[in-house]
Amino acid sequence: MGLQQTGVRQTDAPQASWQGEELQQGGRQELVQADWQGLDPQLTGVQRRVRQEAGVQPLDWQQLGVRQGGSQQLSGQSSTCQEESGQESQEPDLRPLDILAEAIPPHGAAGGIRVTQAHGVRGLQLSAAAPHALSFPASRIFFRCDLFPEEFSIVITLKVPNLPPKKNEYLFTVVAEEADALLLGLRYSPTRLHFLFLSQDPAGAWQTRVTFHSPALTDGEWHTLVLAVSEGSFSLTTDCGLPLDIMADVPFPATLSVRGARFFIGSRKRTKGLFTGLVRQLVLLPGSDATPRLCPCRSAELAVLSIPPVLQRLTGKPEDNEVLKYPYETDMKVTLGSRPPCTKEEDAQFWFDASRKGLFLCVGSEWVSVLAAREKLDYVEEHQSLFTNSETLGIEVFAIPEAGLFVAAANRKTTSAIYKWTDGKFASYQNIRTHQAQSWRHFTIGKKVFLAVANFEPNEKGQEFSVIYKWSQTKLRFTPYQRVPTHSARDWEAFEVAGEHFLAVANHREGDNHNIDSVIYKWNPRTRLFEANQTIATSGAYDWEFFTVGPYSFLVVANAFNGRSTKLHSHLYVWLFGSFQLFQAFLTFGAADWEVFHIGERVFLAVANSHSYDVEMQAHNDSYVVNSVIYELNVTAQTFVKFQEIPTCSALDWEFFSVGEDYFLVVANSFDGNTFSVNSIIYRWQGYEGFVAVHSLPTFGCRDWEAFRTAAGSYLLYSSAKEPRSRVLKLRTG
Ligand SMILES: [Ca+2]
Ligand SMILES: [Ca+2]
Ligand SMILES: [Ca+2]
């Protein structure tokens with residue numbers, strides 16, 4: 001009966017099991033080791049970023065009949081004021097030159113530049129360490145002629161913090177490298193905006209400064225400025241308002257050579273005067289005034305001529321990072337220690353409170369926080385070794401109002417357990433008889449609290465079913481509520497669509513047949529029972545995951561095995577006209593888990609691929625070391641595209657969590673083809689670089705991860721399918 005535990009029962013092969021967690025201990029030695037490349041314990045070289053769309057089979061959204069409205073809403077595009085390219089001049093030199101896009105290094109984050117979101121809008125933030133980071137030779141954009149245009153406008157969208165009086169910061173400069181001479185530049189102080197340029201005549205060269213009073217600039221809000229220059233006329237338009245015109249007696253030079261010069265964004269090539277705000281747009285439009293191309297505009301403070309792709313996603317959600325986090329000032333004074341006085345004398349001085357990790361600026365007579373104390377993950381420490389009734393598969397952490405925090409463990413043997421968080425640890429709370437339970441799912445309907453178990457095996461009488469339990473407010477225990485006939489159930493997913501409650505079961509196989517129906521049940525409020533609502537053909541279904549994007553509801557299934565191969569399509573469905581319909585297919589390898597997560601407005605879907613196996617090709621193609629894949633929703637194409645591949649060792653679960661402002665994924669690596677003793681890995685989101693391995697945790701037959709929080713801190717919990725012990729890890733933050 002041992003092999004009954006395995007997902008695959010092609011028992012003619014000794015290494016028939018394709019799934020690490022359920023392998024027979026005895027069969028292990030016979031497994032091929034040749035495929036084992038070894039997950040580098042130092043975590044080098046385990047990353048590979050993929051941007052191709054291979055393996056994804058996009059389905060036509062239009063075929064699904066949601067062309068109207070659907071595409072509009074899903075695309076999430078905010079209106080910009082950008083004109084159609086057709087109206088642009090055909091003259092190549094007179095096109096807008098996106099200086100910012102030109103300057104962003106290919107691996108932006110590494111260059112000391114960060115993408116930061118403020119008021120829901122992205123901008124670039126420079127670091128003091130890198131005044132050179134955002135620069136490029138002028139010849140790169142002036143390749144046909146090395147004269148700076150005589151007439152031009154500069155469009156800039158920025159958000160700047162309140163500067164101390166007399167402080168000046170550069171928005172951009174063009175510097176003749178050899179002479180270290182400023183050819184032109186834009187600089188601002190708390191109340192003024194200065195346009196600087198080099199004038200030359202036979203008598204010599206001197207710097208000219210045209211100054212606009214712009215008191216609104218340093219109010220911490222986003223603004224879009226257009227500076228239009230034409231001979232002696234200098235015109236500044238802020239947020240599509242009335243232009244401020246200055247007629248200067250020194251005209252902008254007709255022949256300003258930029259040979260050997262370099263553009264610097266946010267600096268004058270030095271640390272002093274470095275821009276401390278956020279810059280979102282910096283465009284040079286040769287030949288004309290850009291104002292009519294931008295204005296009027298609905299959100300004039302964010303009017304767009306050209307924005308680098310990395311900053312393009314406008315989001316509606318204000319984020320919490322509205323304070324500038326790195327106010328690098330070359331001449332700033334920072335006081336350490338306990339709170340110093342803040343009077344006129346200390347005005348514009350900084351105080352760093354080491355105990356709270358806060359940086360404060362003395363403004364008026366008050367210390368104002370400028371560097372928010374920020375939680376950072378310093379990785380984990382073992383908090384509790386949780387001994388369980390038997391080996392544990394799925395775990396589910398949930399809270400019941402007024403009752404507390406619980407974890408339900410799906411135990412392999414006859415009894416599963418629920419633990420309650422008591423005095424900072426999980427303590428045994430209730431045992432429930434289960435039949436090789438695979439997972440638990442907690443959900444609520446109104447005030448009713450439920451817990452559904454997926455039973456993999458029939459009971460003693462040969463009846464096969466899974467059970468929904470309901471929390472009894474009087475007994476303070478879960479009691480059986482409804483039995484549902486299932487077939488080697490792996491997983492339950494609970495969700496709500498349009499106010500109605502659903503439960504989907506992943507039926508893994510019936511006898512030897514993996515190609516069976518999984519069922520979606522709907523709550524009938526009249527009978528107060530779940531009733532079958534839709535069946536979906538699945539192949540060795542392992543996991544369901546529900547999520548929404550805007551008004552759309554999605555359900556994705558992990559298909560693990562079709563009786564011949566683990567290499568098959570897992571399917572994503574979208575709710576349309578009262579049922580789920582196929583939306584997209586993903587090629588997966590023994591898919592065991594889908595994890596959906598959001599980073600800002602971006603939507604990701606990660607699959608845990610557990611095994612590459614094919615009955616016919618098993619000699620060459622039996623590997624547990626396979627790539628798991630993260631897909632990202634492309635809202636324009638309305639399809640998920642491959643974002644990153646991560647090598648995993650029979651991955652069975654992904655768990656997404658965040659600490660402070662950082663996002664993480666942890667993978668349950670269960671088996672490498674040789675041993676269950678493999679490291680599970682924590683990956684950190686690093687923007688351009690995707691997810692990067694940052695921490696390695698020794699695990700044994702790791703099956704499932706759960707992240708949870710209590711008042712005392714953040715924790716991770718993982719189960720082992722190979723030993724009767726789960727572990728609670730505390731996240732160290734500092
Ligand atoms: Ca699930
Ligand atoms: Ca998961
Ligand atoms: Ca999990």
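Which spacing do the donors of the calcium ion (ligand 3) follow along the chain? The spacing is D-x1-E-x48-D-W.

Before I go further, a word on conventions. This is a predicted model, in which local features need pLDDT of at least 70 and side-chain atom pairs count only at pLDDT 80 or more, while totals for chains, interfaces and linings use all residues. Residues are numbered from 1 along each chain as its sequence is written, chains are lettered from A and ligands numbered from 1 in the order in which they are written, and side-chain values use heavy atoms, with hydrogens and water left out.

Let me return to the calcium ion (ligand 3). Its protein donors are Asp-653 (OD), Glu-655 (OE), Asp-704 (OD) and Trp-705 (O), at 2.4 to 3.1 Å. Donors here are N, O and S atoms within 2.8 Å of the metal, or 3.2 Å for Na, K and Ca; water is not among the atoms, so sites may look incomplete. Asp-653 also bridges to the calcium ion (ligand 2), and these two ions lie 3.9 Å apart. Asp-704 counts as buried because its relative accessibility is 10%; for Trp-705, also buried, the relative accessible area is 0%. Buried means under 20% relative accessible area, exposed over 50%, and partly exposed in between, with a 1.4 Å probe and protein chains only.

Strands are DSSP runs of E with at least two residues, numbered from the N terminus, and two strands pair if DSSP finds at least two bridges between them. Strand E34 (residues 515-524) is joined to E35 by 10 bridges, and Asn-524 stands opposite Leu-529 in E35.

Finally, the cores. A nonpolar core is a set of buried Ala, Val, Leu, Ile, Met, Phe, Trp, Tyr and Cys residues joined through side-chain atoms within 4.5 Å. The largest has 55 residues, of which Phe-148, Leu-184, Phe-195, Phe-252 and Phe-263 touch the most other members. Apart from it lies another core of 25 residues, including Val-549 and Tyr-552.

Terms used:
Helices (H or I, at least four residues) and strands (E, at least two) are DSSP runs, numbered from the N terminus.
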